[in-house]
Amino acid sequence: MAGWLYLHFDPEIGNGADLPGGTEWAISDTVYIDPGLSRMGLNMQENRMTFDRFVRACLPDRGQRLMSPSEQQWVVLEAVQRANMDHPLTALATVLSEPGGGVSMIEQVIGELKRSGVSPVRLKRLWEKHEPKYRELAAIYEKYQELLWEGNLWDHEEPYMELMRSFQREPESVSLPGRLVLRHFYELNRLQELLLGQLVTQVEIHVHLIVPKGRERLGRLVKPLIERLTCRGFRIAGEIGSGSGRVRRDSLRHLAEHVFDDDPPVFPHSDGLEVIAAPGMEAEVEMVVARLKQWLLSEKNHLDDAVILTSDREAYAPLLHQKLDEAGIPVRTEERHFLSSHPLLQMIHAVFSARDDGGKKVEELLYSPFLPVSEENGLKCDAWMEAIPKSQTWAEWGKWFLEWIRPLKRVDRWRELIAEKELSWLAAYEMKGWHALYRMVRQWGDSLEGIFGDRKVTDRQFVQFLMQMAERCELTAREGERRGIRILEANQGLAEPVRAVFMVGLAEGRWPRPFADHWLLPDAERVRLRSEGILLETSGELRQRQRLPFFTGISLATELLVLSYPHTDEEGKKQLPSPFLEECTDLFASVKTVSLDVPQRIRPAGWEWCFSDGQGLAQALIQLRNGERILDEEGHPALEMFMKMLGADQEKGRDLLARIQAERFRRGAVFTRYDGIIPRGIAGAMEKRVWSAGALNHLVECRFQFLAIRLWKAAEKEAPQRGLSWREEGERIHEILCRFFHEYRRGRWTFADEERALARLEQLADEVLRDEERERDPFYLMIDKFRIKQKLLSIWKHEKEWRRKTGFYAAPAHLELSFGLPVCKEDVETGRLDPASRPEPVTLVLGGKRKVRLQGKMDRIDRDEEGYYAIYDYKTGTVPTIEQIGQGRSLQLPLYLWVYQQGFGQDPALAIGSAYYVKGNGGNAAANQRNKGLWRKEETGRVGLNPRKSLDPDDWRKTEENIQRLIDQSLSKAEQGDFAVSPTWDCPRFCPARHICRVDAWILSKKRGTR
């Protein structure tokens, strides 16, 4: 047999696809392989399929099953645990301690290794004398492969490897076509390449590659693949230009021929290219949909003549489906949701939670249409809920669950919904949810039994695992329409060019995505492995490779190409356009650009951007709110839109009118009740309030934030945690360290016996975290334990290092010293609370007159034999900078310093300082972990520090005075009822009141008199 390569300079590859030199084969003997058929809106056919589907079709059916993404993550975790049991993981403990546990990182690297074609056995041999992290990674890879064989499971790479093994061991079991044709490809992964090298000896193969002509940056991405294939028996059949000779605008032809050229000529006009820059992703999608609708209506263009491309389907597809539906534009691409978001799954999760909460949430379930309460099935809700076991093995849970959800198969309800035409979609959605759930549990039941054996889990662990599986299980929420717009991912090829292409999400960091040097498998090692024939792409190559799908996408447009990006993120922070977008615009003297800088809440910017009645009403409200003379104008579209709404729903119309009046009042020249100005009588409680450091911090940072979160209690509800939240993690670390140093005070361990001390620290961690095992998702809890122990190890290394350096081995003077909080005798006796704690608040006097009552708890206070003291607050997350602390942006350290002095009778002259005690980087003891704080320059040597930004006596005094003045000013305004939306500094990147805050730079400048 033989193989031919066809190098296409244009992305179009005709369906006929000439095969010069090929043998005459019947259609039934030819298989066509295209990338991403289902996502392109094309059907899988007997002789037309994806590469993955073709490979699986060649293999005999021996009961293997393709894993879901969630199953794969669990198998990787089990491989980590088994490798750890054989030889405790040390080097990889660092990556496993990262948020998310690093399991996803290990899963990603295992996928890369498998796609390179290297086996675990060979990798172990290659890394036998390498540093520990490589040996540990190879051991996990080996365990992972063993688990696949145990469970008779496939990941996406395993069928390729199995097919190559079958060629060598039992070629008669493989089913192959006479001819294989690959179309619309611009790259192949290493595993596909290796497989083609074997297939070419048995099958006639024709590979159609998209190869940009004349550009070194693009050509060098495809050239190595062509060279390797020619070495494996392929030969170049020809170079092919435009497939059909479609007429393309001169500007778009210039773009396709010169983008990514090192020295491109500049074209005088860009009539076919447009750029949209919008404030946020939702605004971007709305503007793109509006522009698409304009284009469709302008010349009565057909829906098949346009396509929307994105490199981030998960982020953009839901928004695109929503906005296109609002605009009345049908979509050919099916709408997919994760099963975890289906109401059926939400109800099941609520049932398990309601039982754990003693029935408190039962009322929330009574309105669910999924509960089995009909008379026909003879079940009652309470009996059905009580049937949930407390603990079973994985296999028992799977069998029980399949029977337990049978009453949820509400066939009669579905028939009733189908009878009402407008609700038929709901019936389909409910049916798909039930069947997807049943199929998912049935599939992984046998697999888990083989992998996890008789291991028992609780009901809470089971339902958390169920939800995690559902998070990565997709189902079709809405079928695509036969005639509709296509939403495609950038790496999916199209059979032919289209008249209009809309490319969304072209922001820096999103398209192209950044690829940093991988710590687990860095570029240097990837390059070294090439000498062994193992091809793994470096971070730079991965970044550059994203140029190919972008080039393919822009080359599809023949009349109109719209490139869009959000110039701000959802927090309002500025984002830059993609460098790919800039390389396109640089090819022209000028480019039509629509850029909106208005806040999202006052979109759309004009009537031309209204693509639905809802958008039109929003525009009408904006003009009615802002306009001075609109009410005097007859026939104004804003008035017409408002009167239309009033006629359809008078109650809603009156509500909208009240909102318009409120907005006009708010946009005046003074602060109003809509900005956080409340009656002084309500604010009078400020004078009697007992403050925490966090509450004072909220007040000083932004008074409106304090009003919303602390007084209105309007904080967003925290999402349920499967593992430990950051707050809970901090509390556990505080408790472990408190008990650890309490035992040091009692002489139970010493720094002289480091091994014993470290063993005791780990034992305490296990004791504290053991209580969580029954209540938490075992997958996430295992990750949390790794992370917590790694942070404790980092703190321990730094602690012993600075004590050795200074010779200071005195035990902490206080641990968990509280004030204004209840004092529990048992907590004092067990070392969880300091004996000197007091239940009364501490009254601070700031600036000589301002009195503030405080409550709180200080983590640790060290004091030397001369009475000099330092206060520490353990922090496991991000901490403020030294500059921010000095400016008063973080009040905890100075407040605790003053509390210890004024409330516990300590001499201010003996203060060394107050600082955050943070974890190091990867447990590096050399990193100074106590620098971030307020330190007196002349005394820092006592605690083994030499911070670069410590304070001399004059700076120390000024810093204290400035912070106290800031607190006094904020309290004075609060006492007068002034909680205006006027942050002291810039709005933080994350604000717990962002969902109700209406901060607007234009309005603030007007009210402050600075506009």
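Contact here means heavy atoms within 4.5 Å. Helices (H or I, at least four residues) and strands (E, at least two) are DSSP runs, numbered from the N terminus. You're looking at a predicted model, so local features need pLDDT of at least 70 and side-chain atom pairs count only at pLDDT 80 or more, while totals for chains, interfaces and linings use all residues. Residues are numbered from 1 along each chain as its sequence is written, and side-chain values use heavy atoms, with hydrogens and water left out.

**View 1. Helices H30 and H31 meet.** On the H30 side, look for Arg732, Glu735, Ile736, Leu737, Arg739, Phe740 and Glu743; they meet Ala757, Arg760, Leu761, Leu764, Ala765, Glu767, Val768 and Leu769 in H31. These contact residues split into 9 nonpolar, no polar and 6 charged. (Ala, Val, Leu, Ile, Met, Phe, Trp, Tyr, Cys and Pro count as nonpolar, Asp, Glu, Lys and Arg as charged, and the others, Gly among them, as polar.) H30 (residues 726–745) and H31 (residues 754–770) pack at about 135°, with their axes 10 Å apart. Axes are lines fitted to C-alpha atoms, for helices over the stretch in contact, and angles run from 0 to 180 degrees between N-to-C directions. Why call the two helices oblique? Angles under 35 degrees count as roughly parallel, over 145 as roughly antiparallel, 65 to 115 as roughly perpendicular and the rest as oblique, so H30 and H31 are oblique to each other. Their crossing is right-handed. (A crossing is left-handed if the near helix is turned anticlockwise from the far one by less than a right angle, and right-handed if clockwise.)

**View 2. Helices H1 and H7 cross.** H1 (residues 51–58) packs against H7 (residues 158–169) at an angle of about 40°, and their axes are 9 Å apart. That makes this pair oblique too, with a left-handed crossing. Phe51, Asp52, Val55, Arg56 and Cys58 of H1 make the contact with Pro159, Tyr160 and Leu163 of H7. Sort those residues and you get 6 nonpolar, no polar and 2 charged.

**View 3. An open sheet of 5 strands.** Follow the order S20-S23-S24-S25-S26, where the pairing is mixed. (Two strands pair if DSSP finds at least two bridges between them.) S20 (814–819) and S26 (933–935) are the edge strands, each pairing on one side only. S25 (residues 911–918) runs antiparallel to S26, joined by 3 bridges, and Ala915 has Gly933 as its bridge partner in S26. H30 packs on this sheet, touching S20, S23 (856–863) and S24, and its direction makes about 120° with that of S20.

View 4. (Buried means under 20% relative accessible area, exposed over 50%, partly exposed in between, with a 1.4 Å probe and protein chains only.) Leaving aside neighbours within four places in sequence, Asp873 is in contact with Asp859, Gln892, Leu893, Tyr896, Ala915, Tyr916 and Tyr917.

**View 5. Strand S22 and its partners.** In a regular strand the side chains alternate between the two faces of the sheet. In S22 (residues 850–854), Arg850, Val852 and Leu854 make up the covered face, while Lys851 and Arg853 sit on the uncovered one. S21 (residues 842–846) runs antiparallel to S22 with 5 bridges, and Val842 stands opposite Leu854. These two strands form a hairpin with 3 residues between them, and Gly847 in the turn has a positive phi of about 65°.
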